[in-house]
Amino acid sequence: MTESKISSKGSDWGYAPAPESADHFKLKEQYGLFLGGKFVPAGSGKRFATINPANEKTLAQVADAGEKDVDRAVKAARLAYDKVWRKMSGRERGKYLYRIARIIQERARELAVVESMDGGKPIRESRDVDIPLAAAHFFYHAGWADKLGYAFPGKSVGPIGVAGQIIPWNFPLLMVAWKVAPALACGNTVVLKPAETTPLTALLFSEICQEAGLPDGVFNCITGAGSTGAALVRHPGLDKVAFTGSTDVGKAIQKSLAGKATKLTLELGGKAANIIFEDAAIDQAVEGIINGIFFNQGHVCCAGSRLLVQESVEEEVVEKLKARMEHLIVGDPLDKNTDIGAINSKAQCERIQDYLKVGQEEGAELFQTKCAVPDKGYWIRPSFFTKVAQSHRIVQEEIFGPVLAIQSFRTLNEALEKANNTPYGLSGGVWTDKGAKIFKVTRGIKAGVIWANTFNKFDPASPFGGYKESGYGREGGRHGLRPYVELS
Amino acid sequence: MSPSTVTLNKLNLQAHPVDEVGIRERVARLATRSIKKASKVEGLKLALSMVDLTTLEGADTPGKVRQLCTKAIHLHSGRKDLPMVAAVCVYPTMVRIARKALEGTPIQVAAVATAFPSGMNPLAVKLEDTRYAVAEGAHEIDMVISRGDFLRGDYGRVADEIVQVKEACGKAHLKVILETGELGTLDRVRLASDIAMQSGADFIKTSTGKIQPAATPEVVLVMLLAISDFYRKTGKKIGMKPAGGIANAKAALNLLIMVREVLGPAWLTPSLFRIGASKLPNDMLMQLEKERTGVYQGPDYYSND
Amino acid sequence: MSKNGLNGKSGRLDVRKTYKMLIGGAFVRSESGRALDVEAPGGKWLGHVCRASRKDFRNAVVAARKAAAGWASTTAYLKGQILYRAAEMMEGRSSSLCEVLQSVGHSSAAAKSEVSQSIDLLVYYAGWADKYLQIFGSVNPVSSPYFNFSVTEPMGVVAYVAGEKRPLLDLVSGIAPIVVSGNSVITLSTGRSAVAAMELGEVLATSDIPHGVINLLCGLREELVGQMSSHMDVNALVVQGGDEKEHAASREACALNLKRYFLKSQGSNCDEDPYRIMDTVEIKTTWHPVGG
């Protein structure tokens, strides 16, 4: 008998760079505000640069909207509401939304590449998640436009009026879709303010509205920083404000609207617990932890940023998590193999680094993967903390980055108590192979979206939104129509 | 106590639930890895070096086996930069012919045994089948588990057979075929993997190639995860062999990606990872030629065996 | 009843009632020891009611929070039965409820009508207990292999400020849609409507409603609304009446913990409105894979 003569040395075979091409479209050097169906410069002539966080290069110059621009936008939206949109049948409104959905699909690759360049997210995600979901949101809501009576049985349904919508930088185009699709489907007109670090896909979306022939002023887009958003919220011409962003800003908006009849919905921060029981499918749970906290660099309000793992499997889970994390590729967002892209901005990168420091100062133990990161741009390696206490800031506060806090528990009740011991209530996760336990835990977690044996799944038909300080109102599904209709 | 009860008591069959949807999503995510240019060439060569080139037809002839062995050594005429495959896989009566044809090469001869593919024979016959193949010179034995016993829940008997076949193998390496297409669920694939590894398998193998579905990526992933857990608990590296239904070069590269990310580079070697195939190498060769020449290839330029 | 409570024929002196608030199932006076005079519309002195303090409200929140989890997990069928039982108790005490309403100025017919409407409204909402979720929940057809459904869950502790126009009906029409979904509630009744609230408390205390689920306070609106809107362990505030200034201040204070805030309009056309149940519930959406 011959012994095996085959080499037993493992190969170091790996993946070569596989960049998505960005040569099939051209960004403009500068973009104006989208008011009343036309791109116009800011009244002040002011502009600001939007940069690629992966290489710190300027992508385009964008108009900086001031108070007067906001006023023009709201007036354009009001005019469109009074003269066109509120009078149009739901069926016709729906057809515009269908057109928009189709054009997003047609321009999908361009939108995905721009999204990754402007925001830093990996192309795999913008291509497979953000852009298809954005199109799906318009498709879904298009069909509601002429069926609203069935969504609210026993009521007569009408639009609210002009909606001011402010969206964050973590899912730029997807948030446009979440906000604009239900608003337009229900017969409202919109003034949208995208985040200052990621305005480009909202501006491309404005082009799409032109291409779709959407009546002038039904959708308006004003770019700018926080002050532009504040001016929008302050504007007396709004009937409705919808905001997605931090809890602090959400509270400030509620205060500033206190004396007005303006309706408000808020989708704010979170600090979700992802609970792993010993009887879970552990390997899939580990994958769920990865999706929970490292999806979109952890820039996700519903991220599973607190891992609660049952004591008996803690060692196994942590060991497997480490091994899995070492395979996460951090780097060029446009590379098709990149798992974790660039942190969205310098400010956010510094904020996360600060939390990494705070966590260690509080006595927690930091683990970071060994992967290489590029020299230019803003990067954080996938990270987690062990030996954390419920009182630590890294457990209590939303970090909004690829940083996980790991705690263990013994009993189901202890897990629930820890999961709910937070002012937030946006999302939660539970992993167990036992059906009855799933329902006990999903009922017990005080949060608006619960993922059982999965995490970070989204769908236009699925309502999304929080309990407690994670905000109020829902986006998506039949429930997501409620914030955009007047019932009588 | 019957031998099978003794064996059963030695097994440590912890529950390892598998979530089918989670597995599918992981497979889909792994499949988004983009393998281009140098990485693709290197990967395809690596995959070719891992192939168990197989012929398992009732109509196999000594001549066909010899041709297969020639192909195993020289995958494509005119290319000197290609590896030899890892092994050829034949029926026991063809082992001697293959050994002779492969003399002087490192290529291993694997024989299917234990009443392949059904396993529907008494244990004594299966053991005799094994001993015969080993005596004929097989370096490796690919056995099938008794699916009937397994599905009936008689895990002790399944394990006991593996233990005894392993004994009959002597120094020959044992690959245990689970025939996942007959097991029905991923949970059972996991359980069968655990039984096989604990009973002495050197490799676990998905399929005979006679039943569909065979080596689906989902099944491969579940088996790789089982191997990973076994290694974590015992320090023993068990090999993996997907076989059957691996249609093209892309699927082969996806297997390498899976092995790399689930088990790590240590498993990227023919001594721990094999791909059972008969037609697959030609598609990989066509891809390699396309990378070299820049021109898409046609099947008429590649020998079928 | 004669002027002095002296029964003309027997010469017996009436035993008067001390109006107490209902907190955690117990009848209590204000911990502050303060009381308010209640007068009939003509100026006739009717007696004292408690002037609840911020501490009374805090105690009520503690009681309501303690009761909330149990009430929330009570089956819908049982919640319906318990609310129906409360309606039965009201029916049994309808004459005394009528008397109280008459004492604060209702005509006999108006009192009778308001009591009947209040009872019927409670029966109406009792019937919603095991139905509203079927109307307002959903199974969502997501485009991936997941079972996805949305259910309502009670918010927890809700504060409710009742208007004064319909002393009994404004209270019941506020309480019913709040508690039917499993919230516990702390109500504030003001002015002379307080006596009707306290009378209702005696009915509820003898019903099967678990202690702490419904807590009835009375006092001064301007003194307590600010406490209700700013308390960090209250999940929602529903108010009837009040002026714009109060509403603005409440809405601002509610931002402290993002308490949900709703204005409840007054009027019989919106008493029966199952959509009001939706004001004080959250929507929870659950995903689970479908696999083998």
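The questions and answers below concern a predicted model and go from one chain to the contacts between chains. Local features need pLDDT of at least 70 and side-chain atom pairs count only at pLDDT 80 or more, whereas totals for chains, interfaces and linings use all residues. Residues are numbered from 1 along each chain as its sequence is written, and chains are lettered from A and ligands numbered from 1 in the order in which they are written.

Q: How many helices and strands are there in chain B, and what is its radius of gyration?
A: Helices (H or I, at least four residues) and strands (E, at least two) are DSSP runs, numbered from the N terminus, and chain B has 12 helices and eight strands. The globule rule, 2.2 Å times the number of residues to the power 0.38, is set against a radius of gyration taken over C-alpha atoms. For 305 residues the rule gives 19 Å, and chain B comes close to it, so this chain is as compact as a globular protein of that length, with a radius of gyration of 19 Å.

Q: What percentage of the residues of chain B count as buried?
A: A residue is buried if 20 or more other C-beta atoms lie within 10 Å of its own, exposed if 12 or fewer, and partly exposed in between, with C-beta atoms placed from the backbone. Of the 305 residues of chain B, the share that counts as buried is 56%.

Q: Which elements of chain B are included in what covers the buried residues of α12(B)?
A: Helix α12 of chain B, residues 280-293, has 14 residues and reaches 20 Å from its first C-alpha to its last, close to the expected 20 Å, where the expected span is 1.5 Å times one less than the number of residues. Its buried residues include Leu280(B), Met284(B) and Leu288(B). The cover of the buried residues in α12(B) includes α3 (37-49), β1 (51-54), α11 (249-262) and β8 (275-277) of chain B.

Q: Which residue follows α12(B)?
A: The residue that follows α12(B) has a positive phi, near 80°, and is Gly294(B).

Q: Which elements give two or more residues to the side of domain 1 of chain A that touches domain 2 of chain A?
A: Domain bounds come from an automatic or database domain assignment, which for chain A gives domain 1 (30-268 + 468-487) and domain 2 (273-452). Two residues are in contact if their C-beta atoms, placed from the backbone, lie within 7 Å, and 20 residues of domain 1 of chain A are in contact with 26 residues of domain 2 of chain A. The elements giving two or more residues to the domain 1 side are α3 (108-119) and α4 (123-144) of chain A.

Q: Which element gives the most to the side of chain C that touches chain A?
A: In this interface 26 residues of chain C are in contact with 32 residues of chain A. Elements that give two or more residues to the chain C side are β6 (146-154), α9 (244-254) and β12 (281-289) of chain C. With eight residues, the element that gives the most is β12(C).

Q: Which strands stand at the edges of the open sheet of 10 strands?
A: Strands pair if DSSP finds at least two bridges between them, and three bridges join β18 (residues 449-452) of chain A to β12(C), running parallel. The order β14(A)-β15(A)-β16(A)-β13(A)-β12(A)-β17(A)-β18(A)-β12(C)-β6(C)-β5(C) has mixed pairing. Each edge strand has a single partner strand, so one side of each is left without a neighbour in the sheet, and these strands are β14 (365-368) of chain A and β5 (138-139) of chain C.
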